[in-house]
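Subject: Structure handover

Hello,

Here is the structure I said I would pass on. My notes follow below it.

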Amino acid sequence: MPYDMKCLIDSNLTVNANCGIVGPHEFVGSPQDNTSAPYGNLGGAFIINSSATITLKGGAGVSGLLFYRKGMTFPAANESAFAGTAITADGDDVFVSKCMILGFNKAFYSTGRQRQRIEYLYMDNTNGIEIANCADISYIRQCH
């Protein structure tokens with residue numbers, strides 16, 4: 001993915017088993033300051049409609065990307081501005097690494113799956129990571 005590329009996701013996107021989407025960022029950070037940061041203009045970004053989600057199948061993952069809710073502006077007036085779920089696990093052993101997720105109700109959601117690996121994830125969402133009914137250990141490290 002070229003550094004300045006942005007992808008609009010208006011319907012659900014599935015990352016197949018044992019596949020990954022890798023972006024250009026070692027760490028995604030603010031392009032200016034948090035009061036007026038134009039995250040929607042940052043390259044290596046997936047702009048996601050709040051009615052869509054990115055589904056990770058078993059062993060699939062994402063790394064080095066910005067996930068930004070379509071239509072989101074910061075600073076948000078209140079929590080009603082946050083909607084949808086950015087990433088949904090639909091398999092065991094999925095990963096999210098070195099990403100930033102902004103503007104959603106949930107950044108990451110998983111139920112009935114195991115061994116999710118979530119590391120170096122920056123977030124600004126109403127609810128960050130939700131893992132339910134996990135039968136084996138999840139690995140969560142250095143998340144904000």
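How many bridges join β5 to β8, and do these strands run parallel or antiparallel? There are 4 bridges between β5 and β8, and the two strands run parallel. Please keep in mind that this is a predicted model.

Sheet and strand pairing

β5 and β8 belong to an open sheet of 5 strands, in the order β2-β5-β8-β10-β12, with parallel pairing. At the edges are β2 (13–15) and β12 (127–132), each of which pairs on one side only. On average, neighbouring strands of this sheet are turned by 15 degrees against each other, ignoring direction.

β9 and β11 pair in the parallel sense over 7 bridges, and Cys99 is opposite Leu121 in β11. β11 is also joined to β13 (residues 139–141) by 3 bridges, and this pair runs parallel as well. Glu119 has Arg141 in β13 as its bridge partner.

Glu119 itself lies in strand β11. Its relative accessible area is 12%, so Glu119 counts as buried. Beyond its neighbours within four places in sequence, Glu119 is in contact with Val96, Ser97, Lys98, Tyr139, Arg141, Gln142 and Cys143.

Nonpolar cores

The largest nonpolar core has 24 residues, and Leu56, Phe67 and Ile87 touch the most other members. Two or more residues of this core come from each of β1 (6–9), β4 (45–48), β5 (54–57), β8 (85–90), β9 (95–102), β10 (106–111) and β11 (117–124). Another core, of 12 residues, lies apart from it and includes Leu42, Ala45, Leu66 and Leu102.

For Phe67, setting aside neighbours within four places in sequence, the contacts are Phe46, Ile48, Ile54, Val62, Ile87, Cys99, Met100, Ile101, Leu102 and Phe104.

Cysteines

The disulfide count is 0. A disulfide is a covalent bond between the sulfur atoms of two cysteines. Cys7 is buried, at 17% relative accessibility. Cys134 is in no disulfide either, and the nearest cysteine sulfur, in Cys143, is 15 Å away. With 29% relative accessibility, Cys134 counts as partly exposed.

Salt bridges

Side chains of opposite charge can pair when their charged atoms come close. Searching the whole structure gives 8 salt bridges. Three of them are described here, including where their partners lie in the chain.

Lys70 and Asp10 form a salt bridge through their side chains, at 3.0 Å from N to O. This pair links distant parts of the chain, with Lys70 in the loop between β7 and β8 and Asp10 in the loop between β1 and β2, 60 residues apart. Lys70 is partly exposed at 35% relative accessibility, and Asp10 is partly exposed at 38%.

Asp90 forms a salt bridge with Lys57, and the closest N and O atoms are 2.5 Å apart. Because Asp90 is in strand β8 and Lys57 in strand β5, the pair ties together parts that are 33 residues apart in sequence. Asp90 has a relative accessible area of 29% and is partly exposed; Lys57, at 30%, is partly exposed too.

Arg115 forms a salt bridge with Asp136, with 3.1 Å between the closest N and O atoms. Here too the pair links distant parts of the chain: Arg115 is in the loop between β10 and β11, Asp136 is in the loop between β12 and β13, and they are 21 residues apart. Both count as partly exposed, Arg115 with a relative accessible area of 33% and Asp136 with 32%. Salt bridges with shared partners also join Lys57, Asp90 and Arg113 into one network.

A loop residue

Thr73 is in the loop between β7 (66–69) and β8. At 55% relative accessibility, Thr73 is exposed. Thr73 and Met5 are 68 residues apart in sequence, and their C-alpha atoms are 20 Å apart in space.

Regards

How values were computed:
Residues are numbered from 1 along each chain as its sequence is written. This is a predicted model: local features need pLDDT of at least 70, side-chain atom pairs count only at pLDDT 80 or more; totals for chains, interfaces and linings use all residues. Side-chain values use heavy atoms; hydrogens and water are left out. A nonpolar core is a set of buried Ala, Val, Leu, Ile, Met, Phe, Trp, Tyr and Cys residues joined through side-chain atoms within 4.5 Å. Buried means under 20% relative accessible area, exposed over 50%, partly exposed in between (1.4 Å probe, protein chains only). Contact means heavy atoms within 4.5 Å. Two strands pair if DSSP finds at least two bridges between them. Axes are lines fitted to C-alpha atoms, for helices over the stretch in contact, and angles run from 0 to 180 degrees between N-to-C directions. A disulfide is a pair of cysteine sulfur atoms within 2.5 Å. A salt bridge is a side-chain nitrogen of Lys or Arg within 4 Å of a carboxyl oxygen of Asp or Glu.
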